[in-house]
Amino acid sequence: MSEATDSCRFIYKDPNQPIEARVVDLLSHMSLKEKVGQMTCTENPSASPSTIKDLSIGAILYSFPASCYPTEPASATDWADMVDSLQKAALESRLGIPIIQMCDSVHGHGNVFGATIFPHNVGLGATRDKNLVERIASATALELRATGTNFSVAPCVAVMRDPRWGRCYESFSEDSEIVSAMTSAVVGYQGITPEGHPNGYPYVAGRTKVIACAKHFVGDGGTELGLMEGNTVSSFEDLERIHMKPYLDCLAHGVSTIMPSYTSWNGTRMHGHRFLLTDILKEKLGFKGFLLSDWEGIDTICEPYRADYRHCVLTSINAGVDMNMEPLRYEEYFETLISLVESGEIPMSRIDDAVKRILKVKFIAGLFEHPFADRSLLDMVGCKVHRELAREAVRKSLILLKNGKDPEKPFLPLDKNARRVLVVGRHADDLGYRCGGWTITKYGASGRITIGTTILEGIKEAVGEHSEVIYEQNPSSATFEGLEFSYAIVVVGEPAYAEGRGYNVELKTPFDGDNVINMVAERVPTLVVLISGRPLVLEPELLEKMDALVAAWLPGSQGEGVADVVFGDYEFQGKLPVTWFKRVDQLPMNYGDEHYDPLFPLGFCLKTKEKVGQMTCTENPAASPSTIKDLSIGAILCSFPASCYPTEPASATDWADIVDSLQNAALESRLGIPIIQIDKNLVERIAAATALELRATGTKFSIAPCVAVIRDPRWGLCCESFSEDSEIVSAMTSAVVGYQGIPPEGHPNGYPYVASRTNVIACAKHFVGDGGTELGLMEGNTVSCFEDLERIHMKPYLHCLAQGVSTIMPSYTSWNGTRMHGHRFLLTDILKEKLGFKYMEPVRYEEYFETLISLIESGEIPMSRIDDAVKRILKVKFIAGLFEHPFADRSLLDMVGCKVHRELAREAVRKSLILLKNGKDLEKPFLPLNKNARRILVIGRHAGDLGYQCGGWTITKYGTSGRITIDFPCALGTTILEGIKEAVGEHSEVIYEQNPSLETFEGLEFSFAIVVVGEPAYAESKGYNVELKIPFDGANVINMVAERVPTLVVLISGRPLVLEPELLEKIDALVAAWLPGSQGEGVADVVFGEYEFQGKLPVTWFKRVDQLPMNYGDEHYDPLFPLGFGLKMKVH
């Protein structure tokens, strides 16, 4: 009978038929024996070709004993021949159902000699690079398909919570967020699901992809004491939050199969846990693939092991396991399952459900059409491209834990041209130990077990031609006799292991590793490279002796990646995926625990090039995109040399293109931290415009800028600070130049300068530490060492001095209990004498005149001190030209509130807005708003309140509500509501309600709502706030509107406010508009899409007030939105 005729008779053989129809048709032709055969997974070589054919076996596992090999060592072609021979047997069965052929390819096609061996998962978790993980899985899929293997028993998405566990290295991280991101491996194995693909439905893209298996469901990384087959004790909420989260991402990626764990949850074995396997995974989460047991996993249901085998089979199948892996005793399983069905203990409906799931995956994977090895891919096995990918993964996985005994003198990168280099330790030249378990054999082995490059070979390849490399596996005193070494590289670590053999309660460096390190480090400057699947004990004395320490995990076959980084060709990019404990008696210990006291915390990493890239602010065009990426630059100043312009004159689009190109480079850095692109010129222009308006009214002194570094949003002066980051505040001291003018070249540092009649005297305030008081109190106490005061709070004043600031105002606050206004050490010894400040400090005076004369006459204040002060004051007055031009410059009166300045203010509003949320669905942004919407609802008193929009220090010190008063020309301005009305189309209706009620929504349909809420005007101590809730019942106003209409919330505030998760979830978009000033139309410019959002958070947006103070760089930094956060509308 022809193939075409056969397809007509059997729907399941027709590839043009729908998958579900093929499944139903094939099932209808199957006997119970054939169905049970499909539910059976055995192992090569246990099952012969005749067994596979006669029992219609569903799957074969190619495990790791040597007896599985076609030859030893076997080529990829040998593997393909063996695998295809078994597939041929399956296709000769009555119904010709192909077998699934699976390998534990957890870090490459580890069974095959010469295949590419990638770093184990713990190293990939260190990279935080989900794209890299996807590419590795994709490469592994190609090497599997080349040998006829169509199923990868991977990825492991366990969340590792205890390093004593023997499978630590199979986990990406102790953090479920990191593990969830790394489920991109599913996409690499199976392909990208098409748009609209049903969640939980299996997907395999084509012949170059394989079936993936997420494992081990669920909680295997969280057992008590880290036991391999132990018990995870937790609430369901914690199980769901910590351990189940990655599986949700796997389901979204279309993972085809899931493997239950050997472990228990609260005493019930996972292989028999109907609630988790069926009620939750299959029914609640909608998993439509099949559940594959672990190797003899069902045998663990009974204690002792396999004591009541019939019960094990019955419980596992009824719990939801679809295919059981019984490699050695598959015949007993086969007979037992048939007996249970025939007795009615397992209903036929359950058997049919399991077989449908198995057949569905086989059809989706294309096994009926393409059952054999794709020999056109054989050249891909261990190819150069894949080895370069593995080398890249090694580089990105390395974590620098120490770099120099003196932080000012980094030890790395090493000198390639050193005269003589000592390399020590068996791991330096042991390919097997570096690859770890699941390589050639299950438990791995020592020696050159496959093809690859050892770390020693990588070092020899990297050093200069005149450098001598001496290798000693086990050094002795004789090693050092008569030889002088430039430095030593000691490579130590764990042996290869897997599963239960890896369980370790001591976690010491094996093979006498500590003594090896000690012997070398006492004699030669030493870099230690640690090869391990987890953190190991590092005694303080040992850590102190070594000069540098690198965690290299289990890097796989391409050891040259280590040399690439330690010699400086590439920067360290790895970041700890797990907590590095100090002592084993701390275990288990994970980030977020109450008594978290690690040696190195989750996320820890050092770099070799530039101490802290994020503390670096450079200027465009000085920094290229590659510099930004490689050094993780923190900020870019958009200054005004002509070379910075994309074109001259440049459009906003031109600027957006160049700025976004730099941002893209930053996002390609290891951590993907966006750069803060600072428009210090905008600040300078605003200050210059303010100086003109001051001079027009005869005012020659601006008590500004405030260069406080805010460290707690409860502080009442938050709105006066530029940022919590001293680098950003330092950049914004360009305001001094705006007020006073640009000092000429060679102007002495610390010497006052005022350029001309159009400039004014500036006053930097409030010296020093006012933004860092305990609890954010207005006149509180800043408690810190001098180094921190200097590093965080004093830095902006150095920039003010360099720009010729004329005056500095001391703070109301104290430093370590001493009031700043009376702090001689800081005001005189540091500011005047050490920093060279030559000006006056304005202070408040009460009965000052008479008291001061009395103190001079009594001799308590010497005349020399008075003369010094008066000289400083007169100097500033002369420099400012007050003797020549003492009166108002009335020619400038037309500049007050002029159109040019208002346009500048409008520009500042546009650039200051920060988009914090844009759409409930990431794929469906809510902004920009439609200008031509039929009916728009605008809500909230702040929408039509110019006073609240401007905040404090407007007309009155504390500001006020309303239009303020028409009698004050400087109070003229545009409210946000007026800006909205001006922006929308002529046919759009704008309805405004200050305080909405249910009647607001009756009989009217709104396209969307804009809710504008926020703080009242305030200044100084009147702004102190310990609750930081949205005032005027703002949260309820938002709730009322957002429950009825798609809603944009615009928050008017001088600081972050509490945003409850439920509230944030309800709204469609959220914009932080701060205190935008008189030109509210700038808000409409952006939300309606005329301009893009450019703002980045200058401060950390906390989740809860009990986290305060919390600033970027803190150990327990867990913000709602981090420093520097800001979304875009047009860049997804």
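Contact here means heavy atoms within 4.5 Å. Welcome to a predicted model, in which local features need pLDDT of at least 70, side-chain atom pairs count only at pLDDT 80 or more, and totals for chains, interfaces and linings use all residues. Residues are numbered from 1 along each chain as its sequence is written, and side-chain values use heavy atoms, with hydrogens and water left out.

**The chain as a whole**

- The secondary structure of the protein chain comes to 36 helices and 32 strands; helices (H or I, at least four residues) and strands (E, at least two) are DSSP runs, numbered from the N terminus.
- Of the 1132 residues in the protein chain, 60% are buried, where buried means under 20% relative accessible area, exposed over 50%, and partly exposed in between (1.4 Å probe, protein chains only).
- Among contacts in the protein chain with a separation of 6 or more, 76% are between residues 24 or more positions apart.

- H7 (130-146) has 17 residues and reaches 25 Å from its first C-alpha to its last, close to the 24 Å expected at 1.5 Å a residue; the expected span is 1.5 Å times one less than the number of residues.
- Twelve of the 17 residues of H7 are buried, which leaves the helix mostly covered.
- The buried residues of H7 include Leu 132, Ile 136, Glu 143 and Arg 145.
- Packed against the buried residues of H7 are helix H5 (76-91), strand E3 (100-103), H6, strand E4 (151-152), H9 and helix H15 (384-397).
- At the start of H7, the backbone nitrogen of Asn 131 has a side-chain oxygen of Asp 129 within 3.2 Å.
- Just after H7 comes Gly 148, with a positive phi of about 90 degrees.
- H5 has 16 residues and reaches 22 Å from its first C-alpha to its last, close to the 22 Å expected at 1.5 Å a residue.
- Buried residues of H5 include Trp 79, Met 82, Asp 84 and Gln 87, and the buried residues of this helix pack against strand E1 (40-44), helix H4 (49-55), strand E2 (59-62), E3 and H7.

**Cavities**

- Rolling a probe the size of a water molecule over the atoms shows where empty space is left.
- On a 1 Å grid over the protein atoms alone, a cavity is a set of points where a 1.4 Å probe fits but cannot get out, and lining residues have an atom within 4 Å of a point.
- Grid points are joined across faces, edges and corners, and a volume is the space filled by probe spheres set on the points.
- The structure holds eight cavities of 30 Å³ or more, and the largest cavity has a volume of about 120 Å³.
- Sixteen residues line the largest cavity, and Val 106, Asn 121, Leu 124, Ile 136 and Tyr 189 are the closest to its centre.
- Helices H6 (121-127), H7 (130-146) and H9 (184-190) are the elements that give two or more residues to this lining, and H7 gives the most, with four residues.
- The lining of the largest cavity has twelve nonpolar, four polar and no charged residues; Ala, Val, Leu, Ile, Met, Phe, Trp, Tyr, Cys and Pro count as nonpolar, Asp, Glu, Lys and Arg as charged, and the others, Gly among them, as polar.

**Buried residues to look up**

- Glu 1015 is found in the loop between strand E30 (1008-1014) and helix H34 (1034-1042), and counts as buried because its relative accessibility is 2%.
- The side chain of Glu 1015 makes a polar contact with the side chain of Arg 1055 (2.9 Å); a polar contact is a pair of N or O atoms within 3.5 Å, and within protein one must be able to donate a hydrogen and the other to accept it, while residues adjacent in sequence count only if both atoms are side-chain atoms.
- A polar atom of the Glu 1015 side chain also lies 2.9 Å from the backbone nitrogen of Gly 1054.
- Ile 399 is found in strand E12 (residues 399-403), and its 0% relative accessibility makes it buried.
- Ile 399 and Ala 551 are 152 residues apart along the chain, yet their C-alpha atoms are separated by 5.2 Å.
- Asp 564 lies in helix H21 (residues 560-566), is buried at 7% relative accessibility, and touches Arg 391, Arg 395, Asp 569 and Tyr 570, not counting residues up to four places away in sequence.

Key
1 Å grid on protein atoms, 1.4 Å probe; cavity = no way out; pocket = protein on both sides within 12 Å on 5 of 7 lines; lining within 4 Å.
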